[in-house]
Amino acid sequence: MNKLSYETLKKQNYDGYLLKDAPERVLQFGEGNFLRAFVDYFIDVMNEKADFNSKVVLCQPISSSNGIADYINEQEGLYTLFLRGFQDGKEVNQKRVISCVSRCLNPYDDFEGVLACADNPDLRFIACNTTEAGIVYDESCQFTDIPANSYPGKLTQFMYRRFQKFGSQKGKGFIILACELIDNNGKELEKCVLKYAKQWDLGEEFIHWIEKENIFCSTLVDRIVTGYPHNEAKEICQELGYEDNLIDTGEIFGFWVIEGPESIKDEFPVDKTDLPILITDNHKPYKQRKVRILNGAHTSFVLGAYLAGQDIVRDCMHDDVICSFMNKTIYDEIIPTLDLPKEELEDFAADVTERFKNPFIDHALLAISLNSTSKWKARVLPSLKEYIKRKGTLPACITSSFAFYVAFFNGHKLTEEGLIASRKGNDYTVKDDRSVLEFYAAHAEDSVEDLVHAVCKNIDFWGEDLTQLPGFEQAVCDDLKQIRKNGAYEVMKSRI
């Protein structure tokens, strides 16, 4: 079987969209599954629908890439992307050959080759997703390192090469699209770059150029990417008629919010397509919407659903009680605490339900339960407090979700792997920070009242004393007693 290439597709009489030749206008730090199913997909569609006419040159951000860079170059940047899931109530499985990628560079083998991209006058955009740990300032990095160890260090080296080539020439800076999953990713990246510019004594003119000729965009990215389909790859390649070592898969849903000036649209033509990309002067309301509704829904129902006997998110959506509990939480208790237009919030919530039904993703509840303490604080506690502030009463479902959390963590044996707890006679392992697990192990034999009191008063967990929320501690006690007596499922049923 031939490998995927332009020649292979030509022999197959492939009639889909392809762009073989175009200027390299985008440099992308990151060659992994997410960026290829998200940023590169959007660029490929803009090439087709909006004449963006851009190739993306990839740069692997770490020294080891598991051979992905070699595969990319062997396949001339081509790969097959499948976007799968539920959309408008129907199962969808879309296939697209992505042709916007030109090549992949390894800075640890050829850093000069990476820096040479800065000499290209057509290059205008830099995209990155170097994981949450990628945007860090490491003071041990030196300008003479080949390359600098940290991603911001490499980016500073690259930008200095650009400055040397074009000076302060207008329009030769970069629009930088940071996709890492940290707050204010673009601004944090800019802070790191400026620190390196000062640490390395690269000059005030260069610092001025960084600030005036470059736009560091904070962005919100939203798509579950499931990556290379190991269990299906052989069968898929047989159907495709070619060998593709870079097959990528993700959910059909996608949303990209880019914080920056409207002028970006003049160069990044998202408005000429129907792509779910929003350019705005403030991405935070959309981040809040995602964290509160999507992530908050996960965190508020999965522990109760697991205690009720479920194991996979998709199966929960086919249980009327659990699904109704989740929807009541979202529509009646979370959405009223948010400030975006109600219709927008409800449309997003409807998408969430469809995403959770995705038949192509087996999203395990126990996997979602990892680090539930910090997740509950970040994703659900703000909705609880805002609901009380606006309504003057407790949100019943969110309050119950806290009781589910306490019940889920009420284990009986601490091990190296985690805290062992039981569901209907069968053990499961609770995983969280060690201090959290040790706390629950120490309170394993507490009465309901003592346990709930200790949890609510733990300021290390919540950043505040939750016993100060009027009626909350007693309501959680009442729910936990019902969970122990009748089960989590019956408590959910009583809330809908």
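## Close-up views of a predicted model

**View 1. The second largest cavity and its lining.** R84, G85, F86, E251, I252, F253, E354, R355 and N358 line the second largest cavity, where a cavity is a set of points on a 1 Å grid over the protein atoms alone at which a 1.4 Å probe fits but cannot get out, and lining residues have an atom within 4 Å of a point. This is a predicted model, in which local features need pLDDT of at least 70 and side-chain atom pairs count only at pLDDT 80 or more, while totals for chains, interfaces and linings use all residues. Residues are numbered from 1 along each chain as its sequence is written, and side-chain values use heavy atoms, with hydrogens and water left out. The volume of the second largest cavity is about 30 Å³, a volume being the space filled by probe spheres set on the points, which are joined across faces, edges and corners. Strand β3 gives the largest share of this lining, three residues, and β3 and α14 each supply at least two; helices (H or I, at least four residues) and strands (E, at least two) are DSSP runs, numbered from the N terminus.

**View 2. The largest cavity.** Two cavities of 30 Å³ or more are found in a search of the whole structure, and the largest holds about 70 Å³ of space. Among the residues that line the largest cavity are I224, H298, R314, F356 and H363. By class, this lining has four nonpolar, three polar and three charged residues, where Ala, Val, Leu, Ile, Met, Phe, Trp, Tyr, Cys and Pro count as nonpolar, Asp, Glu, Lys and Arg as charged, and the others, Gly among them, as polar.

**View 3. The sheet β4-β3-β9.** Three strands form an open sheet in the order β4-β3-β9, with mixed pairing; two strands pair if DSSP finds at least two bridges between them. Because β4 (90–98) and β9 (248–251) stand at the edges with a single partner strand each, one side of each is left without a neighbour in the sheet. Strand β3 (residues 79–87) pairs with β4 in the antiparallel sense over nine bridges, and L83 has Q94 of β4 as its bridge partner. Helix α3 (residues 39–50) lies across β3 and β4 and runs at about 75° to β4, angles running from 0 to 180 degrees between N-to-C directions and axes being lines fitted to C-alpha atoms, for helices over the stretch in contact.

View 4. Strand β13 (residues 419–423) is joined to β14 by five bridges, and S422 stands opposite D427 in β14.

**View 5. The packing of α18 against α19.** Helix α18 (residues 396–409) packs with helix α19 (residues 434–442) at an angle of about 80°, their axes being 10 Å apart. The angle therefore makes α18 roughly perpendicular to α19, since angles under 35 degrees count as roughly parallel, over 145 as roughly antiparallel, 65 to 115 as roughly perpendicular and the rest as oblique. Y405, V406 and F409 of α18 make the contact with V436, L437 and Y440 of α19, contact meaning heavy atoms within 4.5 Å. By class, this contact has six nonpolar, no polar and no charged residues.

Methods:
On a 1 Å grid over the protein atoms alone, a cavity is a set of points where a 1.4 Å probe fits but cannot get out, and a pocket is an open set with protein on both sides within 12 Å along at least five of seven lines; lining residues have an atom within 4 Å of a point.
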